[in-house]
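Please examine the sequence and the model shown below. The paragraphs that follow lead from a single residue to the contact between two chains.

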Amino acid sequence: MIPAGGRSVEARRVDVRFLFGYPLLVSARAILHVDLDAFFVAVERLRDPSLMGRPVVVGADPRGGKGRGVVAAASYEARAFGIHSAMPIGEAFRRCPHAAWLPGSPDLYRRAARAVRGVLQRFTPAVQAVSIDEAYLDLTGTERLHGPPRATAERIRRAIRAETRLPVSMGLATTKAVAKIASDLCKPEGFLEVWPGREAAFLAPLPLDRMPGIGPATREKLWQFNLRTLGDLARLDPQLASGVFGDYGASLSARARGADERGVSSDELPKSVSRECTFESDTADIEFCEAMLWYLSERAARDLRSHRLTARTVTLKLRYRDFTTITRSHTLATPTDSERRVAEVARELFRAAYARRVSVRLLGVGLTNLVAAAPQLDLFSAPRELAWERLIASLDGLRDRFGFGAVRAGSSILLAPGGLASRVSREGMHSKRE
Amino acid sequence: MQFTIGQSEFIEALSAVANIVPARTPLPIIGNVLLSADSDELALSATDLDLSVTIRVKAKVESPGRVTLPARKLTDMIRALPPSPVRVKGEAEHVTVECENSKFRVHGLPAEDFPTFPSLSFEDGIAVPAGTVERLAAHTSFAASNEDTRPILNGVLWEVQGDRMQMVATNGHRLARYGVPAPSGPKKPARDVIVPPKALAQIGRIFGPDDELVVAMDEKQIGFRGERGVVYSRLIEGPYPNYEQVIPKDNDKRLRADKERLTAALRRMAVMASDQTHRVRLSMKDDALKLYVSTPDVGEGSEEMMVSYEGDPIDIGFNANYLLEVLRFVDSDEVEISLKAPERAALVKPGGENGDEYLCLVMPLRLQE
């Protein structure tokens, strides 16, 4: 291990290129992945310190083991009992009945996340928040200002501690993927730096599913080829990889060697917004599916409006119980941020796409082709659309204060009291910024 | 077939019909013009299948007949010829064009393959001077939509019923309406029709302002017939939105300004406006109009001018291009703009006596809070 300090900076200067014949010293990129540990639980503990040191589970109501929702977050103490997020709440309850069971307070989590982001942005403008509890920071070139990146990372941790009292784990590397894997490995409250040039060696012994993007399905396929670790995948002949898995295979094995060209984009505007959910039990109930589509459209349109964007393309994602997944898109002539239009299109797509007599496992609504919300008012739709806009604005206001469930559209009433919680096992939101 | 015609007469007629020939077409015959020589007249016809035009010119016809020749080649060729008589003769694929010492052989296509023109009865048609149609169209066509989101808005509504004749066009963001007293004389009650602007644009190109036209129509098409030729067009079908309903009647804030000065000021502000929204902000208060533009990453601009303004102060945003377009067609020195609220349509009219003929609506842009 090389001691910290000046040599750390020195060691980062590995990439020597030539400009007009003169050698040019280029710093390797320094990307820091900051991940809040058991975020929801940590916030709950700020509110109620008696939860410290106890198993805590945030999620659906367990109803003495009969609850049907899922775990949203579990403290490390709870994880010791085998509880993890997305686990059915009933099963979690059986594993650890004496844990503290909390319903969650999204608004509080959002406020805490904003505070953390405020801290991060003091260190670099290149902050890319990828979800409520994770962000990438590009510290490349900040040595003169902040000192070596590993020291900066430590100062960031102390600042977050001091100002929000939240624990974080951090990974420092030359690429986003490696930095994320590093922070995952050192949780909780850890710091792991992967030296430039050591990415492949660092990844080699790790199991395949440590790599973001390798899920159970891909892992299963790779296992069939006797590939067990990222090292196995990295050593795979690129030609063979693309022969078997197509272009995706080639990119997989490149990633296993530590290649990841993606930059940290501080661009706050997402390129796509999507919402999806997996039903707790597969359903062939069309009405229920359409109610869910309305709900997902509402959420996605809401995300869109919060960025002052409008979307032209609506995509439906439909996964059958046998995991066959189809996506269907429709591009509108004029962009929209109205849940009504999004829901109408999603419903049409669903009706056209739902062709098999197999029940549905997952539904998703995605919005792409995003453009800044056009402020032009329309002559003909004016009275009706303005009324809708006002309605939506009031709903947005209500939901900001009292949470999304405070008001519900008639079109998604089927999901109402307890319905959503009981029939939906996992709900995901994504704002992709790259 | 054989005829002789002066080069300048020929090129004038030819370019008037050839401009509707589509640049690319899957049907080669559509790229050709039909030349029909009969008695002492040459008829030139072209079509893009939605719109068909025939122009008649005097010519010395030695032997009647019909040929079709490639529109672009023929136009380029005749334009390049000296101002002398041009002789065209031949049949189908073997047509020769001669002028002074130049001689061409052009490959044509059989005249029988040329699409037949619509058959409309002009007997019950309405009589209108070409100049009126042209003036109505010129003042309104610009406001029609050129996107395919609502095809109905790609057309110009021509209202010929009642004692006023008017045209209306809108793209949903701005609207223009021009009306004149209906022409007197024998006419049969006709329907209101939605005409593609491209068809209306042919009127001024083919007919003189004083030419008397007879306009005939059925469910699907419209025809304009005059001394010099005929224009047929497909109509746009469907109900036109109820535009009367969106014309504001209670705009209580009234601005009067010199049109040229307002136009010049808007042009200057538009330079700094966003390429996407072209937003400028207009603030009116006590006979002062302040124009203001602010675009992130571009900059800001402002300008103040004295105007006549009655009403409570107002701040309102517009697409500068929409305002500039409307001002271009206001035929008076003074323009009158009346307003109600920042999210309600502005009504733009020429100042002075002709104020009732022309009106435009411009929908505002939201001012970001």
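Predicted model: local features only at pLDDT ≥ 70, side-chain atom pairs only at ≥ 80, totals over all residues.

Apart from its neighbours within four places in sequence, B:Thr4 is in contact with B:Ala59, B:Lys60, B:Glu62, B:Pro85, B:Val86 and B:Arg87. B:Thr4 itself belongs to strand β1 of chain B, which covers residues 2-6. Is B:Thr4 buried or exposed? Its relative accessibility is 18%, so B:Thr4 counts as buried, the limit for that class being under 20%.

Just after α7(A) comes A:Arg165, with a positive phi of about 60°, although A:Arg165 is not a glycine. A:Arg165 lies in the loop between α7 and β9 (168-173) of chain A. Its relative accessible area is 56%, and A:Arg165 is therefore exposed. A:Arg63 is another residue that has a positive phi, of about 45°, without being a glycine. A:Arg63 is found in the loop between β4 (56-59) and β5 (71-74) of chain A, and counts as exposed because its relative accessibility is 55%.

A further loop of chain A, between α8 (176-185) and β10 (191-193), holds A:Pro188. The peptide bond that joins A:Lys187 and A:Pro188 is cis, with omega about -10°.

The last topic is the contact between the chains. The size of an interface is often given as the accessible area lost when the parts come together. Chain A and chain B bury about 1,600 Å² between them, and 63% of this lies on carbon and sulfur atoms. Of the area that chain A buries against chain B, A:Gln376, A:Leu379 and A:Phe380 supply 45%, more than any other three residues. The contact takes 13 residues from chain A and 25 residues from chain B. Between the two chains there are 0 salt bridges, but 4 residue pairs are in polar contact. By class, the side of chain A that touches chain B has 8 nonpolar, 2 polar and 3 charged residues.

Technical notes: Residues numbered from 1 in each chain as written. Chains lettered and ligands numbered in written order. Heavy atoms only, no water. Helix = DSSP H or I, 4+ residues; strand = E, 2+ residues; numbered from the N terminus. Contact = heavy atoms within 4.5 Å. Buried area = accessible area lost by both parts, 1.4 Å probe. Salt bridge = Lys/Arg side-chain N within 4 Å of Asp/Glu carboxyl O. Polar contact = N/O pair within 3.5 Å; in protein donor to acceptor, adjacent residues only side chain to side chain. Nonpolar A, V, L, I, M, F, W, Y, C, P; charged D, E, K, R; others polar. Buried < 20%, exposed > 50% of the residue type's maximum accessible area, 1.4 Å probe, protein only.
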